[in-house]
Amino acid sequence: MTQLLPFKVGYETYALKLNDVQEVVENQTLHDFPTAPDIVAGAISFHGRIVPVVDLARLLGFPLGKIGQRLIVLVNQRGPVALGVDVVRAVINIEMNQMNQMEDFAERNYISNVINYGGEMMSLFDLDHLQRELELICLQAGGERC
Amino acid sequence: MLKRVLIVDDALFMRTMLRDIFVEIGWQVVAEAENGEEAIAAYEEHRPDLVTMDVVMPEMGGIDALKVILSQDPAAAIVVCSALGQKNLILDAVSAGAKDFIVKPFQRDQVLEVVERVIAS
Amino acid sequence: MDVLKFREMFLAEAAEHLQMMVDILVQLDSDPEDQDGIDALFREAHSIKGMAATMEYAETARLAHHLEDRLDICRKQGRISGVEIDWLLEANDLLKLLLEDIRNDSTERSIESFLGTIPQESEACPPLEGKADGPLECDQGQQIQLRLRDTVVAPGARFMVLLKRFSDFGTVLGSTPSAEELLQGGESLHLAVTLKSDLFQQQIHDQLLKYSEVEEITFVDEAEVKKEKQPEKRPSGKTVRVSTELLDHFINLTGELITNRNQLQNALRERQWEELDDGVGQLVRLVKNLHHQVLQVRMVSLQGLTGRLSRTVRDLARNHKKEIEFQVVGAEIELDRAIVEELTDPLVHMIRNAIDHGIEEKGTITLKAWRERDQVLVQVADDGCGIDPDKIRQRALEKGLLNPSQAQTIRDYDLFQLICQPGFSTADEISETSGRGVGMDVVKTAIERVGGLLLIDSSPGEGARITLKLPISLAIIRVLIVECDGSWMAMPITRVVQTVEISPDEVQSSGKQLMINYQDELLPMLSLRKILKRPQGSPPETIPLVVTEVMGRKVGLVVDRLVGQREVFIQRLPAPFDQIRGCNGGTILGDGQIVFLLDLQSLFERRRS
């Protein structure tokens, strides 16, 4: 059995494996990160650490919401990062065999799998892809903005 | 008789998750509290068999609440819940008298194991 | 025969070997069975012995010989114990003192008393005794060893819970790590508990099985424990040696803090506000003191570097057939370990430059370090031909770093800083040591990475001086906080030349560029808002300026407001956000506000690209 944390960004329902989630935090003060690329909405102070906040709506091309209301802080081997999302739902438990391998959607890179949960479709968010994209964006930060 | 639990956590999300687990194994959730002060009051009122106590909460945190509860009822069975990055707080909680601990994000089975252990001992 | 010359060579070489030994010993400390390490250590000792014997430094040779003997035993055992590592480090210190004696032309000190401290072979182990299952009630108790799964998140706390559980079974006579060690954050996946109990092994075993975090449970006989104990386990990871004097300071401080706590508790209970105020004042002083002492633990002197540098000088001098004297002043100056590590390559490079381009046939290179308030200055100076401003000017024109009118007006001092521009090189031919094109820009980047500043100064015929201004400690630095577009941002104070407020009347324009006259010098004015792509603010009555140095030139950075200086703890940002250019980490202020540390240099590079 796998535990998933479903959340909404824009029109889409995504899910993260609960094991990848450290905490869901609400109503955080977002601080300006002056040199960061656009997709970084700022940073929060999370248990004494500076944690950058990725604006998922902007990254995924959805209309922009208000960032900072609901953040999912990820457990990450390389360092913490928070994802700004619109809605966080209750955890669900699901058997792995309910997961259907997603067909090849090249333009939707952030999805590693689609899950059918009682008739509702959820996209399993691809954290590896996010990590690679963030690396690229951070390395290039600055160059294309000027 | 139903076993009775008090759930203390400032995040609705965590409380809901724990409540689901306890309900599933046939426990009665006698109260939920969002901070240390509420937890102390709820413990006094219900005297539950088990308390799950979040460590970091606004106002009064879990460790302070744990100390107060234990000073009033040294036999209180308190399990602390804490996030990955708070190892030192877990240590403080255990040395202050917590019976066991669970690290967030946790799996249902981990919660069950700890609950079973604490109730058995 | 030139005895003096050989003596210098011997001293430099021996110091080199000693440093090498220290490096290896530190590594062996975390990996005591590294055969290659032990072998290398043996060779180092052997080299020292051979050289000292040739030079007829009897005591030095004798001590090195003892080292060799000890290491030979270690080689045969296949491991080196912690006790031996400590002894070898002490022997190393003594050898350094002996080298000092030789350098000062005094008689070598006696090593007799030290030789008395050679660690003895451990006593033979007591005979083994089998033991059947039964209550664990013998006087010494029984040892139970636990290993946790490597997925366990908080092993320390898990062991604390288990230790409490053990005390339900009986009396815990002791444990490794102890409860105190666990509380101090000692983390290991192994726990050994000595337990006296009425329960049977099987009962305890069954109870322990309820902990899925425990991977392995072993009941060990006390006799076996003694045998096991011989190979002493030492904590792995980076270790530092702390002087007992420093530890005493910590103990005294702890005492003072306890007194302070009592005072505060008292004052609070009795509502004595004045006394409370007093106590908090004390606390401020104590915490400051504690912070200072903790930083001390991270401090190392430049001494560790000088051996490698003098060797570089000697080798290069020989290659170039130049006669070069290397002087070191202030090697005892201490800096944060991380900064000293970053400093090695830049210093080697600067020395190479001095030999390559500065000194022609014969000369002196001086490495000088000194403290100035909360900075350390490290200077490499040579008495060679100096840097020719005309050559630099020519080169800068060719490279397009200056336009012809700038080339005429630029001051020599500013001209010299251009040497650190990427791709700049004045060597007329490619040389084997310094090469062409790469060089000072790399040095400058390395220095700036640790929050330092690099300044070049030269007068024709009087040689060149390169000065590094470095913060004493990496993690905690003094910053200037400025406001820009409603946000606070910080820059290391080491990068700030001065802050001034000017009136808009003082602004001059030269073409598109706004300039300001600062101490008889025209500085270009740059707007932080513009650099960060922020909207323009309303025109202020006075313009707050930070005079700083970027790309080798002084500039006036226009900010919205100068907030002030703070001492802050800089956090590195989590990957990959640490890659974002223009930012070198951040800090959380007392009120929870996050302030990012601007890296002006890369901000400007980013602006150009």
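How many residues does the contact take from chain C, and how many from chain A? It takes 25 from chain C and 25 from chain A, where contact means C-beta atoms, placed from the backbone, within 7 Å.

Some housekeeping. This is a predicted model: local features need pLDDT of at least 70, side-chain atom pairs count only at pLDDT 80 or more, and totals for chains, interfaces and linings use all residues. Residues are numbered from 1 along each chain as its sequence is written, while chains are lettered from A and ligands numbered from 1 in the order in which they are written.

Back to the side of chain C that touches chain A. Strands 13 (487-492), 21 (583-588) and 22 (594-598) and helix 19 (600-608) of chain C each supply at least two of its residues; helices (H or I, at least four residues) and strands (E, at least two) are DSSP runs, numbered from the N terminus. By class, that side has 13 nonpolar, 8 polar and 4 charged residues.

Next, the cores. A nonpolar core is a set of buried Ala, Val, Leu, Ile, Met, Phe, Trp, Tyr and Cys residues joined through C-beta atoms within 7 Å; buried means 20 or more other C-beta atoms within 10 Å. The largest has 136 residues, and A:V53, B:M53 and C:A490 are among those with the most contacts inside it. A second, separate core of 45 residues includes C:L305 and C:A464.

As for B:M53, the residues it touches include B:V8, B:A39 and B:C81, leaving out those up to four places away in sequence.

Last, chain A. A:N116 stands opposite A:M121.

Terms used
A residue is buried if 20 or more other C-beta atoms lie within 10 Å of its own, exposed if 12 or fewer, and partly exposed in between; C-beta atoms are placed from the backbone. Two residues are in contact if their C-beta atoms, placed from the backbone, lie within 7 Å. Ala, Val, Leu, Ile, Met, Phe, Trp, Tyr, Cys and Pro count as nonpolar, Asp, Glu, Lys and Arg as charged, and the others, Gly among them, as polar. Two strands pair if DSSP finds at least two bridges between them.
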